[in-house]
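Keep the sequence and the 3D view open beside you, and try each task before reading on.

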Amino acid sequence: MLQCLSFASKLYSLWKLIDLKSAAGALVVYVNADFFVQFLVSGLEVSMATGRRLGSRGDAIVLLLLIVAAGSICTSATNFQPVSDSHRSAAVEIFTPVDGSFESIEETYEAVQTFKILGIEAKPDVRVTACTLVSEVLGASSSPLKELFYALKVSSLLKCDASQFEATASRLKSIPSNAKSLNDLYYSIAALVLIKNQSPEADVLLDDADGVFQAIKALSQSDGRWRYSSDNPASSTYAAGMALEALAGVISLATKDIGKSRINVVKSDILKLFDSIEKYDDGTFYFDDKSGTVSSLATTSSVVQGVTAFASAASGTLNLPEDKILGLTKYFLSIGIPGDAKEFFNQVNSLSCLENSRVSIPLILALPATVISLTKKDKLKVKVTTALSSRSPPLSVKVVSASISGSKDVSVIENQELVFDEEGALHVLDLPASIDVGKYIFVFEIVFHNSKDGKIYAPGGQTKVPVHVSGTIKIEKFEISVLDSDVGSIDTQKQLNFETENDVSLDANHLQKLRLSFQLSTPQGNAFKPHQAILKLKHEKAEHIFMIGNSGKHFQVILDFLGLVEKFFYLSGRYDIQLTVGDTVMENSFYQAIGHVELDLPEAPEKAPRPPLQSVDPFLRYGAKGEISHIFRSPEKRPPENLSLAFLVLTLLPFLGFLVGLLKLGLNLKNFPSASVPAMFAILFHVGIGAILSLYALFWLKMDLFTTLKTLSLLGAFAMFVGHRILSHVASSSSKLKSA
C-alpha cells in the first residue's frame with residue numbers, strides 16, 4: 001500500500017510537468033517503475049508534446065487516468081524488493097557527520113549500527129570522536145539513563161575503552177528494583193545487558209530478577225499492550241516493544257532461571273498483541289500506536305525488536321504466524337528508501353532483527369523486472385533472498401499458475417518449475433510460445449530441498465506478483481474518411497500509416513461525418529484493446545476529445561458534425577486531428593498528428609454557448625518578455641546662453657537693491673546683546689535663518705519636497721525657540737530703558 005501511495009504521488013508530479021491534454025490522454029497507465037523506464041526508453045514520449053497546461057475538462061480526464069493508474073498497482077499482488085546497493089548509497093548520504101562527529105550519542109549509534117548492518121566499508125571514520133563522547137557520558141555522574149544506554153551501544157560497536165564499566169554498572173544495578181516507569185526499567189536493564197556483553201567480569205546480575213520481571217509484567221494490559229507507568233492508565237503498542245525487550249534483558253541478567261509459567265504468560269501476551277496487528281491489501285502487516293504520538297514505522301520497529309529479543313532470551317519457541325512475520329518484513333521493504341535518518345535506522349535495524357531472530361527468517365521472492373518483452377524474447381527471472389539480500393538455502397521456485405489479471409479461470413502456465421542459474425543466483429523460466437501480451441498475475445511457490453529449512457525460514461506460502469508481457473501490436477486498415485450524412489457514402493477517404501508522418505487535408509461541412517478506423521491485434525493474432533484510444537480535434541479557440549470504441553479488433557469513431565455544432569461552438573475553420581493509442585504492454589504506443597480538416601459550420605445563433613477561455617501558459621505569463629524599443633522625444637529648443645545670463649542678472653538686481661536699502665537705513669549692530677547668553681541666542685537665531693535660506697537653495701537644486709518639509713520643520717522649531725528667547729531679551733531691555 002505504501003508503494004501505491006508513493007507511486008500515485010510520483011504519477012501526479014509527472015502529470016503536473018507534462019501536457020496530457022495535448023497528448024489526448026497519452027499517459028499510459030504505468031503499473032510499475034520498471035515499465036515506466038522502459039516506456040520512455042522505447043521512445044514513447046507521447047506525453048511531452050507541448051508545454052501547455054490543462055483545462056478543466058482535460059483535468060477531469062487526466063485525474064480519471066491517474067486514479068485508474070494508481071488503482072491498477074494497488075492490488076494484493078506486489079513485487080517487494082530486498083535491501084540493495086541503493087540503500088547503502090543512501091545511508092552514506094543520510095548519515096553524514098559534521099566536523100567528524102554526529103549531533104548526539106543517539107545519532108552516532110544509529111549511524112554506526114546502520115553501517116554495520118548494511119556492510120558499508122566506505123563509511124566515515126568517527127571512532128575517535130565517538131569513543132571520546134562515550135567516555136564523557138559514562139564518566140559524568142549526571143548523565144541521563146538514555147544517554148548511558150546509547151553510549152554503551154556505541155561502545156559495543158566500536159570497541160571503546162571499558163575502564164568505566166564497573167562504575168557505571170554499580171550505578172545502574174540498583175535502578176531496576178526502584179524504578180517507577182517503564183522508561184527507567186528499559187534503559188537501565190538494557191544498559192546492564194550491554195555491560196555484561198562487553199565486560200563479563202562486571203557485577204551486573206540482578207539479585208531480585210524475579211521481582212523486576214513481575215514489576216514490568218504488572219504494567220501489561222489484557223490486549224498485549226503496555227503502560228509506561230502505574231500512574232498512567234493509557235496503554236501503548238510502542239511501549240509493548242520496550243517492555244518485551246526489557247523482559248528479555250531481565251532473563252539474561254537473572255541469577256537463576258525465570259519461572260517457565262511466567263515466560264509462557266508473556267508469550268501469550270505476544271500472541272494477543274499480534275491479534276491486533278493491522279494489514280494492508282498487498283499483504284503487509286504493521287502495528288499502530290493508538291495514541292497518535294508515535295508513527296506506525298516506529299511502533300512496528302519497537303514491537304519487532306522487542307519480540308525478537310524476547311524470543312532469543314526466553315527458552316522454548318515462540319510460534320508466531322508465518323504470514324505475519326513475512327508481512328512485517330514486506331512492510332519495512334514497502335517503504336523504499338526513507339529520507340529521514342531515524343526512519344532509515346528503524347527500517348534497517350528491524351529487518352536485521354527479523355533476519356537474525358529465533359522466530360523464523362523471512363524470505364523475499366522478487367522479480368528483478370516485472371516487464372517481459374516478447375519482442376526481445378526476455379525470460380522470466382526470479383530471485384529469492386532474505387530481506388537484507390543474503391542468499392537463501394537450497395530451494396526451488398515453481399510457477400503454480402499464471403493467469404491474465406482479472407481472469408482467474410484461464411491459466412496459461414501451471415506447475416512449471418524454474419531452472420536455477422548458479423552464476424546469477426536466479427531462477428529462470430522461458431515463457432511458452434503460446435503466451436500473448438497482457439497483464440498477468442503469476443503465483444509462485446518456494447520448495448525447500450531440505451525439509452529442516454522450512455522450520456527456520458518463512459517463505460510465506462504462495463506469492464502473487466504482477467507481470468506485464470509486452471510486445472508489438474499490429475496496426476492495420478488505418479484510414480480516415482469524410483462521409484455524406486444522408487446516405488453514408490464516402491466523400492473522401494485517406495489511407496494512413498502510423499509508422500510514418502501523416503498530413504492529410506480534409507474538407508467537411510455540418511451535414512457530413514468524419515470517420516476514423518483501424519484494427520489492432522496482438523502477436524498471436526488476438527484482439528487487443530489498449531487502455532487509451534483517443535481522438536482529438538483542436539481548433540485555435542477550443543479542443544475536443546473523443547474516445548474511440550471497438551468491436552473485437554476493429555476500432556472506429558464517427559463524428560456527426562450536425563449533432564456536434566453546439567459542442568463545437570459553431571466555430572468554423574481549421575481543426576488539427578491528433579490520435580493517441582497507448583497501453584502498458586503495447587511497445588509501439590504512439591501519439592500522432594494525422595492532419596487537419598477544414599470544417600464549415602453554420603453561423604452561431606444569439607444564445608449559442610461561447611467557447612471557454614483558453615488557459616494561459618504560465619511560462620508565457622511570467623517568463624521573459626520581449627524587448628521594448630523606445631525613442632525619447634527631442635528636447636525643446638532653449639534660449640541663447642547670453643539671454644539666460646542677462647535674465648539671471650535681472651533677477652539679482654532686487655537683492656542688490658535690498659543691500660543698498662539697508663545701508664541707507666543705517667544698518668548697525670548697536671542693539672546686539674552684549675551679555676553672553678543673549679548674544680548666544682542672537683547668533684543661533686541668525687544661524688537658523690541662514691540654514692532655512694540654505695535649505696530653500698538645496699530644495700531648488702536637488703532635494704525633494706518631503707525631505708525638505710521634514711528638515712524645515714526641525715529648523716523652524718529651532719529658529720522659533722531661539723528667536724523667542726532673543727526677542728524676549730530685546731523686549732525686556734526696551735522696557736527697562738523706558739522705565740529709566
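**Exercise 1: Strands side by side**

Strand β12 (residues 438-448) and strand β14 (residues 463-470) run antiparallel to each other and are paired over seven bridges. Before starting, note that this is a predicted model, in which local features need pLDDT of at least 70, side-chain atom pairs count only at pLDDT 80 or more, and totals for chains, interfaces and linings use all residues. Residues are numbered from 1 along each chain as its sequence is written, and side-chain values use heavy atoms, with hydrogens and water left out.

Solution. 
- Step 1. Recall the terms: strands (E, at least two residues) and helices (H or I, at least four) are DSSP runs numbered from the N terminus, and two strands pair if DSSP finds at least two bridges between them.
- Step 2. Widen the view: the open sheet has five strands in the order β6-β14-β12-β8-β9, with mixed pairing.
- Step 3. Check the edges: β6 (371-373) and β9 (411-417) each pair on one side only.

**Exercise 2: A bond between cysteines**

Task: which two cysteines form a disulfide, and what is its handedness?

Solution. 
- Step 1. A disulfide is a pair of cysteine sulfur atoms within 2.5 Å, and the structure holds one.
- Step 2. The partners are C131 and C160, with sulfur atoms 2.1 Å apart.
- Step 3. The torsion about their S-S bond is about -75 degrees, so the disulfide is left-handed.
- Step 4. Now the accessibility, where buried means under 20% relative accessible area, exposed over 50%, and partly exposed in between (1.4 Å probe, protein chains only). C131 is buried at 14%, and C160 is buried at 11%.

**Exercise 3: Looking inside**

Task: which residues have the most contacts inside the largest nonpolar core?

Solution. 
- Step 1. A nonpolar core is a set of buried Ala, Val, Leu, Ile, Met, Phe, Trp, Tyr and Cys residues joined through side-chain atoms within 4.5 Å.
- Step 2. The largest one has 101 residues, and those with the most contacts inside it are I216, W226, I270 and F310.
- Step 3. Take I216: leaving aside neighbours within four places in sequence, its contacts (heavy atoms within 4.5 Å) include L182, W226 and V250.
- Step 4. A second, separate core of 44 residues includes L514, I548, V597 and L601.
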